[in-house]
Amino acid sequence: MTTDVVIAGGGPNGLMLACELSLAGVRPVVLEERTERNLEPKANGVVGQVIRFLDHRGLYERFGGAPGIPQPTPHYVFGAFPLDLGALDANPLFTLFVQQRRMEELLEERARELGVEIRRGHRLTALTQDGTGVDVDVEGPEGSYRLRTGYLVGCDGGRSTVRKQAGIAFPGVAGGGVISRTGHIALPERLVDPATGALDVPGFGKVPLFVHTRTEHGVFVFASPEPGKPLVSTLEWGPPPEGDDAEGPLTIAELRASVGRVLGADLPVSEPTSPGPHMFRRIVGGHTRLAERYRSGRVLLVGDSAHVHSAVGGPGLNLGLQDAANLGWKLAAEVQGWAPAGLLDSYHAERHPVGERVFMHSQAQTALMAPGAGVSALRELFGEFLQRRENVEHIARTLAGSDVRYPMASGHPLVGRFAPELSLSTDAGPARLAELVRNARPLLLDLAGSQVPADTAAPWSSRVDVRSARCAEPPAAALLVRPDGYVAWAAAEGEPVGPGLRDALATWFGAPQ
């Protein structure tokens, strides 16, 4: 066996998986086709529950978050509807502005700190698996070679070679004639309100920053995720206008014309004068697809190799990075030989339904933004629904990815969900729950001052950390937190601890030692 795990793809999802495996004691090899990091502008930030996971790993501040506890965003959008989240009792939606290229740089830095081997300029070309491992054919700078690995994980994007070679079906739906255009621009300073950042389009009116503006001809967005680098984006339905070169690179003239059609007014944009790199991207159609299964024997899929969808709402990194978090510790347990039966299969069982939810709501948002009198009527009704706080919270939970509860045996309301943010008092001083799990090990947290949880978990001491703490308003007497941040077991005050805790420990962390 040359190596225990090979990861094909060194983007954010592949690097996050490599970090998780390394923290669990497994050293993967990452194969990345590009010889240098891709500097092309892509995602402008991260949205959703994954931000709390980044906090669990100590990466939130490293990625540019403010010191301390991540705070939810007071405003967001869904299908070009503004969402006022500040009035929610429990706002679940978090955002973090960080350019994808910067995220990749920081994740690669972290992976190398953990001893991960990253082979740049190495491309997987073929694979063959049997009952004991996978043979991986690789084309590298010095020629072709073969790796033998226990497991192969495809993090190689929507056109995944790994998925195709493994014979995993990728069903879905076509994009329905939607054309997306996005580009950095320059425009007269007089058109931007210095106080709010809103854009004043002559002949149309004010367009708020970062808000989707729908008209009967499409959607327009004005944003500046990087200071001093404004960009605009449009969505149009139907065939491209006569004379547009849908195959060539997007030009500033084409982008300006698209803005004019959507808004019915000319926006005097020109070539960007800000420092590069600059984005000029056109997507015609686009697909929403979800892998039929996330595992085929010793081959697994993570991120875009398992699912592709519209970028509307920004769900991509929330989905992919949590795939990596879910798989990492389970795959490490399998490699190290202590995984209980069915643990690796639970990766698909837990993450595929989350992919289905994104499959649904990304299409729903696109449909809500389409032109037409019928859609306008639907939007009027949908807007009425959003006047009810419980509906806004439901949408926010859907966008955050916290609406899906993993199937587990316990009926406690915390079980199957991401662990709550807790401010604790420990013997070593004040601490947050997120700070107690930075080592990526399972944590049994006793909040009732009882010795029973620790005694029950003693046979699992080599795999599970046990801590006792005090909390002003404890949500449970004790809780068991998996490495991916999800609660595997919890007990209410006065509830018997032993049998349920033993079952949960055996279910997730193997036979007692």
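Guide: Q49 lies in the loop that links strand 3 (45-47) to helix 2 (50-56); helices (H or I, at least four residues) and strands (E, at least two) are DSSP runs numbered from the N terminus. The model is predicted, with local features requiring pLDDT of at least 70 and side-chain atom pairs pLDDT 80 or more, while totals for chains, interfaces and linings use all residues. Residues are numbered from 1 along each chain as its sequence is written, and side-chain values use heavy atoms, without hydrogens or water.

With a relative accessibility of 7%, Q49 is classed as buried (under 20% relative accessible area, exposed being over 50% and partly exposed in between, with a 1.4 Å probe and protein chains only). Beyond its neighbours within four places in sequence, Q49 contacts (heavy atoms within 4.5 Å) N318, Q322, A400, G401, S402, F418 and Y486.

Y486 is also touched by L480. Together with L152 and L445, L480 has the most contacts inside the largest nonpolar core, which has 111 residues (buried Ala, Val, Leu, Ile, Met, Phe, Trp, Tyr and Cys joined through side-chain atoms within 4.5 Å). Helix 6 (residues 316-336) supplies the largest share of this core, 10 residues. Another core, of 17 residues, lies apart from it and includes V201, V207, I252 and L263.
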